[in-house]
Amino acid sequence: MKDQRVYFEKADFQSALPYQLLVAIFGLLLVFLEVGLAQIPLFYGAAPYLSLIFIYYLRLHHPDVMPVFTVFVIGMVADLLLSNILGGRATAMILLAYVIESRQVKLEQVEFVQLWVDFAVSCAAVLLFQLIFFSLINLTLPTFGPFFFQTGVTLILFPIGFLMIYTAHRLLQKMKLLA
Amino acid sequence: MRGSDKGKIRHRRIAHGILILVSFSLMFVGKADIAAFNKMRMGSNDFLAPVIDVVSAPIRGIQTMVEGMRTVASLRAENIRLQGENELLKRWRRRAEILESENRQLRSITGVVTSENRTPVTARAVTAPGGGFAHTVLVAHGREIGIQRGNPVVTADGLVGMVVDVGNSYSRVLLISDFNSRIPVILASSSWPALTVGKNGSLLDLQFLPNEAEPVIGDLVLTSGHGGVLPNGIPVGRIAHIDGEEILVRPAVDFRHLGYVSILVGGLDGIDNDNLDLGKFYTPLPEDGGSRLLEGVNAAGQRQ
């Protein structure tokens, strides 16, 4: 008879929880990096949405390691640190996570350029959602310049971020195989 | 699909629904400015700020390195410029000493008492505004050294903003460029009162300036001191753009290079610092026979 521990070990290994935790920590680090980048005069008031690139990639290719709760936590921490309307970015990101999930099959088959365009629309939608609520709550419109800059820089960084996450993902897979 | 799977999916959907509801309602609760909510917010900032400090260290290092290289490249030109500036400052210092003496004599005649009960505390800016929705910064000092809501924050160049949330070791400063910031000011050249309002951008709106005032580009804008929360005479900025009713002020402080700031602690006795809407301290000048009375503001920030 085979030792029962083998089955339990396998079951533990297949749990997504450690990966989810790792992804959550990395996502939070990206938010901290965003806040840190804002200290560079170039990114003053318009730091790129690094965490959005991360969420977009993982919700598209590995939604199992990026649950909605992680998206909520990342959004809330960003709102807290950037002193945004609390819950604004979190809500926008959760809604985006659902939109990506609903279009996952289609998006996984498209060319990178099409994916880039889709990300541009997603990024603009997240900002627009926050902008609408900001305007409704404060009954005014802020200066638009920083938003255009922020979206532009995020879009420029998207291919680099995408490639970096993809490479890290492949590396992890190889390590997993070797182990 | 098995019954247990269906149940799991249903539970997950309910959990997600609750999550959306929570984050959605937080947007409105946050705006309500509830004390317990603010306390929780500042508590989490106290917890997260040291992590940002660590993560930002390499970024700050790179920035310092780049600035250092730039400085080395222009060292000679910088030296000549500084020598010229030094000469100019010496002349201004002599002029300031004469004016200070004159000011002292005038104060002794009018009997004005200046409020000098604020102690400057130097603090490092840990964060910078990262988005267009809020212009605030976290500074590395809090309740433990006596910082209170409403304490003004300045640099050598002028007014940075005001402390709006205080944690144990960190405080949040609302910059004058934030949309929620309203500063009662006067034009230095003519003493006409007005209000600067942030636009979450690089310039401030100058509002409620009486029609009789004739502002010109380059006019210095100073805090008026009305309400007593901010001391009077701190440079806020200079008029940078005039287009009919729209007057824009460029802040005296360059917020993109905010490394260290001074928090002016104290001087808030008798002031309700739970309500820091400084906009209410602006009142239009009274009229007399069709023309406004330009009252002026004394050294204590009171109208004469």
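Modeller: Here is a chat about the confidence, the chain contacts and the core of this predicted model.

Biologist: What ipTM and pTM does the predictor give the complex?

Modeller: The ipTM is 0.82 and the pTM is 0.82.

Biologist: And chain B, what pLDDT does it average?

Modeller: Chain B averages 84, with 87% of the residues scoring at least 70.

Biologist: Which elements of chain B have the lowest and the highest mean pLDDT?

Modeller: Strand β14 of chain B, residues 291–292, has the lowest at 53. The highest, 95, belongs to strand β11 of chain B, residues 246–251.

Biologist: Where in chain B is the pLDDT below 50?

Modeller: Over residues 296–304 of chain B. That stretch has 25 contacts in the model beyond near neighbours in sequence. Where pLDDT is low, the predicted coordinates should not be read in detail.

Biologist: OK, new topic. How many residues of chain B are in contact with chain A?

Modeller: 38 residues of chain B, in contact with 43 residues of chain A.

Biologist: Which element of chain B gives the most to that side?

Modeller: α2(B), with 11 residues. The elements giving two or more residues there are α1 (3–31) and α2 (35–73) of chain B.

Biologist: What's that side like by class?

Modeller: On chain B, 16 nonpolar, 16 polar and 6 charged residues.

Biologist: And the largest nonpolar core, which residues have the most contacts inside it?

Modeller: I55(A), M93(A), V139(B) and V236(B), in a core of 103 residues.

Biologist: What does V236(B) touch?

Modeller: Leaving out residues up to four places away in sequence, its partners include I176(B), I183(B), V185(B), V221(B) and V249(B). G158(B), T196(B) and P251(B) are also among them.

Definitions and conventions: Residues are numbered from 1 along each chain as its sequence is written. Chains are lettered from A and ligands numbered from 1 in the order in which they are written. This is a predicted model: local features need pLDDT of at least 70, side-chain atom pairs count only at pLDDT 80 or more; totals for chains, interfaces and linings use all residues. A nonpolar core is a set of buried Ala, Val, Leu, Ile, Met, Phe, Trp, Tyr and Cys residues joined through C-beta atoms within 7 Å. A residue is buried if 20 or more other C-beta atoms lie within 10 Å of its own, exposed if 12 or fewer, and partly exposed in between; C-beta atoms are placed from the backbone. Two residues are in contact if their C-beta atoms, placed from the backbone, lie within 7 Å. Helices (H or I, at least four residues) and strands (E, at least two) are DSSP runs, numbered from the N terminus. Ala, Val, Leu, Ile, Met, Phe, Trp, Tyr, Cys and Pro count as nonpolar, Asp, Glu, Lys and Arg as charged, and the others, Gly among them, as polar. pLDDT is the predictor's confidence in each residue, from 0 to 100.
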